[in-house]
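Colleague: Could you take me through one part of this model up close? I'd like to hear about the aromatic rings, and what goes on around them.

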Amino acid sequence: MANYSHPETLVSTDWVAQHASDPKTRIVEVDVDTKAYDEGHVPGALGWAWNSQLCDTVRRDILPKAQFEELMASSGISNDTAVVIYGDNNNWFAAWALWQMKMYGHKDVRLMNGGRKKWLAEGRELSKDVPKPSRANYKATGPDNTLRAFLPEVQAALSARNQGMVDVRSPQEFTGEILAPPGLPETCQRGGHIPGARNIPWGKACNDDGTFKSADELRSLYGAEGIDGSKPVIAYCRIGERSSHTWFVLKYLLGYDNVTNYDGSWTEWGNLVGAPVEKGAVASAKA
Amino acid sequence: MKAEEYQERKVEVLGWPVNLTSYRLGEVFHCKADNVSPGAALARTTGATREEAEKKALERAEQLLGRTHVRVV
């Protein structure tokens, strides 16, 4: 598939249409807009709500291990189940779910290329039936924190200037003109970006139909900003979901080994007392 | 059930680009408005016609986008 480094992490809508009812495959929809699933979904797909089922609802964190195991077991997912995740907004929170599944050691988890948008646009079958899978046994490993950047690691990277930093938000969020995507609540005290970060909005990795661009196009996109796999990369956005999309692109489509998702993102950094902030646009890495 | 008459178009609301996606599920038209560049969902509405669903989505989008404060940097 388009010369990706790990094509096994991506399946087409055709593949899902043919394999959705395979007993060892589980399809899951994860949307930004959690009402989208109820409107109609891939027949047989489960729906996970990112804001209640894929995070710690008390403190700001990913899903605790025991709750992750419970979610998998109650979803009929065993350690050897092939899980295909898709969602709206070109797989934003689908990528977030995949990132967490990788952190907890699930081997076979994939995204449906193009997500919900492509499935709808192709006029494929939709269902309102909510499956009731038989309970499975599930044992998680990890969490594998080599896939995640915490604040001290980002601060260390900033001091050492030894890692690539990709801010995947929109240009106006990056410059500090706006503090959140237009129309959404502001969740930080200061606008701007982490000094030294390159602005490569997440959506640039996608075609108009929601699918990922080819490996050559992606390599060129990120390479133009100095992100070429030669050094570790930290991706961030506002709350960590858009950056998990870019994390997926860099790690699995381009095969860059050392890529982390800073899910604290701007909601953490933009509220920190004394944190250095850069405003305005930055010169191109090529300049 | 399938999404029929699927359509996407870009419009501008209060100076912000907005993507309107609309389609029919059975007898009901559905519309989703999102802000193009960040891609965040602004509104999800329904109506008996595409025009009605889009009108509701645009009204909600306008309410939300009107709250966005742009700073000089």
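Modeller: Happy to. Let's settle what a ring pair is: rings of Phe, Tyr and Trp, with Trp represented by its six-membered ring, pair if their centres lie within 6.5 Å. Keep in mind that this is a predicted model. With that rule, the structure holds 12 aromatic pairs over all chains.

One of them sits in chain B, between B:Tyr6 and B:Tyr23. Their ring centres are 6.0 Å apart and their planes meet at 10 degrees, so this pair counts as stacked; the cut-off for that label is under 30 degrees. The pair ties together distant parts of the chain, 17 residues apart: B:Tyr6 belongs to strand 1 (residues 3-13) of chain B, and B:Tyr23 to strand 2 (residues 16-25) of chain B. As for how covered they are, B:Tyr23 is buried, at a relative accessible area of 2%, whereas B:Tyr6 is partly exposed at 21%. Buried here means under 20%.

Ring pairs join A:Trp50, A:Phe93, A:Trp96 and A:Trp99 into a cluster.

Methods. Residues are numbered from 1 along each chain as its sequence is written. Chains are lettered from A and ligands numbered from 1 in the order in which they are written. This is a predicted model: local features need pLDDT of at least 70, side-chain atom pairs count only at pLDDT 80 or more; totals for chains, interfaces and linings use all residues. Side-chain values use heavy atoms; hydrogens and water are left out. Rings of Phe, Tyr and Trp (its six-membered ring) pair if their centres lie within 6.5 Å; planes under 30 degrees apart count as stacked, over 60 as edge-to-face and the rest as tilted. Helices (H or I, at least four residues) and strands (E, at least two) are DSSP runs, numbered from the N terminus. Buried means under 20% relative accessible area, exposed over 50%, partly exposed in between (1.4 Å probe, protein chains only).
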